[in-house]
Amino acid sequence: MTAARWFKMYALGYLVFLYAPILLLPIFAFNDGTIIAFPLQGFTTKWFSQMFGNATLALAVKNSLIIAVSSAVLATCLGVFAARAATRYTFPGKGGIIGLIMLPLVLPEIIVAVSLLGVLLGLGVSLGIWTVILGHVLICTPYAIAILNSAFQSLDRSLEEAAYDLGESRLSTFRLIILPLVAPGIVSSLLISFTISLDEFIIAFFLAGTEPTLPVYIFSQFRFPQAVPAIMALGTILVLLSIMLLAIAEYFRRRGIAKSGGKDTGGFL
Amino acid sequence: MKRPIIELENVQKYYGDYHALRGITTTIGEGEFFSLLGPSGCGKTTLLRTIAGFEDPSSGVLKIDGKDMDGVPANVRPTNMVFQSYAIFPHLTVEENVGFGLRRDPRSAADKARAVQEHLEMVGLKGYGKRAAHALSGGQRQRVALARALILKPKVLLLDEPLSALDKKMREQMQVELIRLQRQVGITFILVTHDQEEALVMSDRIAVMFEGQIAQLDDPETLYRLPKSRQVADFIGTMNFLPAQVLSETPDGFEVEVAGLGRAALTARQAPGRPTGDVAVGFRPETLTILYEGQQAADRESPGIVEEVVYYGDMTYYDVKLDGVAAPVRLSMRNVFGRPVLDRGTRTRVAWAPGALVLFR
Ligand SMILES: Nc1ncnc2c1ncn2[C@@H]1O[C@H](COP(=O)(O)OP(=O)(O)OP(=O)(O)O)[C@@H](O)[C@H]1O
Ligand SMILES: [Mg+2]
């Protein structure tokens, strides 16, 4: 009885700690004052209009979206190839190769960023969006592989053989049977990679050159107190977008499970 | 012999160092219901997958319908497979599953739809076409898998333990349906199973496999009555063994002395392995009969004592220790109204016939 109450309070405390700061975002986004402190100064939407009128911010958002979408697509493509190879084929040194691909998962990002910067500068590559994409693909791919591996692993091998046996080619088997069945995994991989790339700071900071990305821009703006409320407004919009994204991902995941008759285990929501 | 549809000539298969198929040579006829029977790991699936084209033989020749299959991939071979897991495409409907193989067929959509309906009807799934495939029961999946494979009109249908995932009742029902289906379509069925009863019930011929080799290939009755080795005899049903000695070999048979039974003359047919010296004699439980008071054996009889009684309702199994033999032999009696089941320890006489004995090395 008391133990149960303690657990309840613990859970509640955890949730407050997790979400209270996020709840502050919309509160101060609509607060008519540049100081992030109570008491509130009154209601305003001027921070939102200020944010939408900011050309640098718009550029940062555009860059970040380009980077996140490209990184997500590339990492997921690489993830599909790697997961397919890891689950279907045996080749010498397979364990080691897969291990090395997964390593960036635990490698400190700062190390990846610094070493990449060194190599790129050494090669004379000019920094910009594409170098950030390169770095992000590197760190997103292990996540993509982890997600896609489980999708490919749960695929019964005889499904492929059955399609092949019924006259399809290897390629059409992949398109007609494998892709639809791992589609939920692909969607998850795209969304996770997109999210990781979108708020990645260290690699973007080192490799972006003069191109701003969203997290780098936000960080730079915190030096100016008058810019902070607009950042709060931006944060509010990002939180809403994240919730929408998560809901969409969950919808596709559930639909995928329902379609293939699997049992619902785990998931986000 | 019917026209051969599958010819295997010294087919060998290595997985790395592991020798999975050790020289398979056999011919399977058109329209035959052929079974591959053997314990787990003996290479049944490997042989089936080799015929299907999923595995390449390391050496040897495989011909289907007279054509050498070397370099012919699975998707163009005139064979289709029913997988052990059924491999029903879970994201498609029953209809889409059954019609999957017709995608490249030049026929019109209406003709294809008609073919799908015909085949659904053939396997007893009329009206199930629009269902989601993942919502079917095990038996229904099995039928979808059959229809999906048969719609391509293969020359040979390959079935890898198709009934092992079903419960006993469903299995027995599907056995009968498979036989009916095979007669209806008239093509060769090759069935892999480790269930000897299933093989005996369904097959025209059975190849018993051990360790990558065919130990015996015969029709069910010959296989049951005249197994060529103790290993085959042990694998198929129950067989009693008694030590024996060959006393003399005559042009048309053997004279043997069997422990507990005495002297008997056997024909050459009863000794498929042509053994000599110290041998064993085998016989099935149902070839022995307990003699009750006043009954006479039609041929021979031997005395013994009932050691164990296992009552099955319709049958009773007795373990009887024949005089002069250490190990008991098992015999089965159909329970008939008015005939008492014997108690343990009863002295009794057992009737047998020399013609039911088989001689082993
Ligand atoms: N792809 C493979 N690589 C290595 N060894 C294999 C492979 N496939 C099968 N084997 C081995 O070959 C042997 C025969 O396998 P197979 O699957 O043909 O047996 P089976 O008779 O079908 O047995 P079961 O009744 O268990 O299905 C087994 O010892 C198995 O371990
Ligand atoms: Mg097998």
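1. A contact, as the word is used throughout this note, means heavy atoms within 4.5 Å. On that basis, residues 24 or more positions apart account for 67% of the contacts in chain B with a separation of 6 or more.

2. This is a predicted model, in which local features need pLDDT of at least 70 and side-chain atom pairs count only at pLDDT 80 or more, whereas totals for chains, interfaces and linings use all residues. Residues are numbered from 1 along each chain as its sequence is written, chains are lettered from A and ligands numbered from 1 in the order in which they are written, and side-chain values use heavy atoms, with hydrogens and water left out.

3. On the overall fold, chain B has eight helices and 20 strands, where helices (H or I, at least four residues) and strands (E, at least two) are DSSP runs numbered from the N terminus. The C-alpha trace of chain B spans about 75 × 50 × 35 Å along its principal axes. Of the 361 residues in chain B, 50% are buried, that is, under 20% relative accessible area, with over 50% counted as exposed and the range in between as partly exposed (1.4 Å probe, protein chains only).

4. The shell around ligand 1 (residues with a heavy atom within 4 Å of it) includes B:Tyr15, B:Tyr18, B:Pro39, B:Lys44, B:Thr46 and B:Glu161. The elements of chain B that give two or more residues to this shell are strand S2 (18–29) and helix H1 (44–52), and the largest share, three residues, comes from H1(B).

5. B:Thr50, which lies in helix H1 of chain B, counts as buried because its relative accessible area is 1%. A polar atom of the B:Thr50 side chain lies 2.6 Å from the backbone oxygen of B:Thr46. Leaving aside residues up to four places away in sequence, B:Thr50 touches B:Val11, B:Leu21, B:Glu55, B:Pro57, B:Leu62 and B:Arg77.

How values were computed: A polar contact is a pair of N or O atoms within 3.5 Å; within protein, one must be able to donate a hydrogen and the other to accept it, and residues adjacent in sequence count only if both atoms are side-chain atoms.
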